[in-house]
Amino acid sequence: MTNEDVPVQPTEVPVAGKPPSVVHVAWAGERRFDAGVAGGGPTIRMDGHRTTGPSPVDTLLSALGGCTGIDVVEILAKRRTPPTALRIEIIGDRASTVPSRVTKATLVYHIDGPDIDRAQAERAIDLAVNKYCSVRESLDPMMPVEWRLMLNGTP
């Protein structure tokens, strides 16, 4: 029996409405891997050399930014102040030892929108980072995750 023949079983009983996440990662030569949702669909390339895609750690930080970004957009939209643009810069400090794990993440949210109130944007970010983001909750809770807001180009 090969590893491919071993069925993947979730380790926890899924919460109602939330089936387990299953992805496949396939080696594409050298330090490259293609990842995608099990059963087909779009894939992403991870590249340890950063030539054909982000590294696995870059991908982890991107997942943190994307997860919180979804929440921020949805919270602001519910307040009837949707952003016209959102960009998140994520800085991941790394340990100098092996493994070079992420020791701190800083997210800088660049949000544009004419009707967005700063206090509401800050509240949306705080809720996204500290309450709603599944990726953040999956990381080491002792790892600091800080954030800053640039609203319409102003800190």
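The questions and answers below go through a predicted model of one protein chain.

User: How are the residues numbered, and what pLDDT do local features need in this predicted model?

Analyst: Residues are numbered from 1 along each chain as its sequence is written, and side-chain values use heavy atoms, with hydrogens and water left out. In this predicted model, totals for chains, interfaces and linings use all residues, side-chain atom pairs count only at pLDDT 80 or more, and local features need pLDDT of at least 70.

User: In what order do the elements of the chain run from the N terminus on?

Analyst: Helices (H or I, at least four residues) and strands (E, at least two) are DSSP runs that are numbered from the N terminus. The chain holds 3 helices and 6 strands, and from the N terminus on its elements run β-β-β-α-β-β-α-α-β.

User: Which residue in the turn between strand 1 and strand 2 has a positive phi, and of about what value?

Analyst: The two strands run antiparallel, and Trp-27 has Phe-33 in strand 2 as its bridge partner. Strand 1 and strand 2 form a hairpin with 4 residues between them, and the turn residue with a positive phi is Gly-29, at about 95°.

User: Why is one side of strand 4 and of strand 6 left without a neighbour in the sheet?

Analyst: The open sheet with the order 4-5-6 has 3 strands and mixed pairing. One side of each of these strands has no neighbour in the sheet because strand 4 and strand 6 stand at the edges, each with a single partner strand.

User: How many bridges join strand 5 to strand 6?

Analyst: Within this pair, Leu-107 stands opposite Trp-147 in strand 6. The two strands run parallel, and the number of bridges that join strand 5 to strand 6 is 7.

User: At about what angle does helix 1 run to strand 5?

Analyst: Angles here run from 0 to 180 degrees between N-to-C directions, and axes are lines fitted to C-alpha atoms, for helices over the stretch in contact. Helix 1 lies across strand 4, strand 5 and strand 6, and its angle to strand 5 is about 40°.

User: Why do helix 1 and helix 2 count as oblique to each other?

Analyst: Angles under 35 degrees count as roughly parallel, over 145 as roughly antiparallel, 65 to 115 as roughly perpendicular and the rest as oblique. The axes of helix 1 and helix 2 come within 9 Å and cross at roughly 135°, and the two helices are therefore oblique.

User: Which elements give two or more residues to the largest nonpolar core?

Analyst: A nonpolar core is a set of buried Ala, Val, Leu, Ile, Met, Phe, Trp, Tyr and Cys residues joined through side-chain atoms within 4.5 Å. The largest one has 24 residues, and those that touch the most other members include Leu-64, Val-72 and Tyr-109. The elements that give two or more residues to this core are helix 1 (56–78), strand 5 (102–112), helix 2 (118–132) and strand 6 (145–151).

User: Is Val-98 buried or exposed, and what is its relative accessible area?

Analyst: Buried means under 20% relative accessible area, exposed over 50%, and partly exposed in between (1.4 Å probe, protein chains only). Val-98 is found in the loop between strand 4 (85–94) and strand 5. Val-98 is exposed, because its relative accessible area is 83%.

User: What is the relative accessibility of Ser-138?

Analyst: Ser-138 has its place in helix 3 (residues 134–138), and its C-alpha atom is separated by 14 Å from that of Ala-128, 10 residues apart along the chain. Ser-138 counts as exposed, because its relative accessibility is 63%.

How values were computed: Two strands pair if DSSP finds at least two bridges between them. Contact means heavy atoms within 4.5 Å.
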